Amino acid sequence: MSAILQTRNLRVEYRSRELRQPVKVALAGLDLEVRAGEVFGFLGPNGAGKTTTMNVLLGFVPPTRGTASLFGIDVRQPIARQRIGYLPELTYYYKFLTAEELLRFYAKIFGIARAEANRRIAHLLKLVELEAAAQRPIKSYSKGMQQRIGLAQSLINNPDLLVLDEPTSGLDPLGRMKVREIIQRLKNEGKTVFFSSHELGEVETVCDRVAIVHQGELKAVGTVADISAGHANLEKAFLKIVGCQAAPAPAL
Ligand SMILES: Nc1ncnc2c1ncn2[C@@H]1O[C@H](COP(=O)(O)OP(=O)(O)OP(=O)(O)O)[C@@H](O)[C@H]1O
Ligand SMILES: [Mg+2]
């Protein structure tokens, strides 16, 4: 399988505008490779560099050194992003719009013809199980529903690669399960999904491979089975890899 997302020795330094503030190294030479058709979990503690990596892929943050490419095209060329969909960590939509109006708005931005837009909107509302709520303003949606309309929005251009920054954060178990099912359906449609998460249990069930980053460096990559080998589960392996041991349960 070929790599459709790749970073090579990727370094990102954030420089403060304040004088004498130290440079913050968010990525310290990250090498990552995601192959076509896989669901790839991007894990790491808070501040590890996950969102920064995605921001480089999206063209929001320039690499200080190293390279990043999508479909073999350097991300400094906007055309590299033609076939991707993106769900940011925080979504801000025009909340007075209904789900259908929001999707129509994004379809227009992508220049999708009306008949094709109608077809895609119907398909996506079904995919994210929001058909019944399609005519309601987004401001009346629960967090889980808002996350699902965000997923639908990221799919309106029928991308081959989805980049999702914590798609299940803040969702209850049912909401998380629904997002997991959508990710599974997208994989079945032949799409590649690259997503960050702190929910290791769900990563275990949905991912073909995972990477663990810590302090801007790749610490482990492989199947969940590879990474968990020798540990009780992925969470235990994760804690060991990022250098903390879970405290023993207090004696009762
Ligand atoms: N715009 C910025 N300016 C300065 N430092 C930044 C900026 N954005 C991120 N950082 C720093 O870079 C490091 C990586 O942050 P990043 O947001 O990529 O982490 P993350 O893995 O997405 O964390 P989380 O799990 O909390 O979302 C952190 O130390 C963060 O404070
Ligand atoms: Mg983040």
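Begin by selecting Leu-103, Ala-152, Val-193, Phe-194 and Val-210, which touch the most other members among the 64 residues of the largest nonpolar core, a nonpolar core being a set of buried Ala, Val, Leu, Ile, Met, Phe, Trp, Tyr and Cys residues joined through C-beta atoms within 7 Å. Domain 1 (1-83 + 161-252) and domain 2 (91-158) both give residues to this core, so it lies between them; the domain bounds come from an automatic or database domain assignment.

This is a predicted model, in which local features need pLDDT of at least 70 and side-chain atom pairs count only at pLDDT 80 or more, while totals for chains, interfaces and linings use all residues. Residues are numbered from 1 along each chain as its sequence is written, and chains are lettered from A and ligands numbered from 1 in the order in which they are written.

Next, select Leu-70, which sits in strand β4 (residues 65-70), strands being DSSP runs of E with at least two residues, and helices runs of H or I with at least four, numbered from the N terminus. Leu-70 counts as buried because it has 26 C-beta neighbours inside 10 Å, where 20 or more are required, with C-beta atoms placed from the backbone.

How values were computed: A residue is buried if 20 or more other C-beta atoms lie within 10 Å of its own, exposed if 12 or fewer, and partly exposed in between; C-beta atoms are placed from the backbone.
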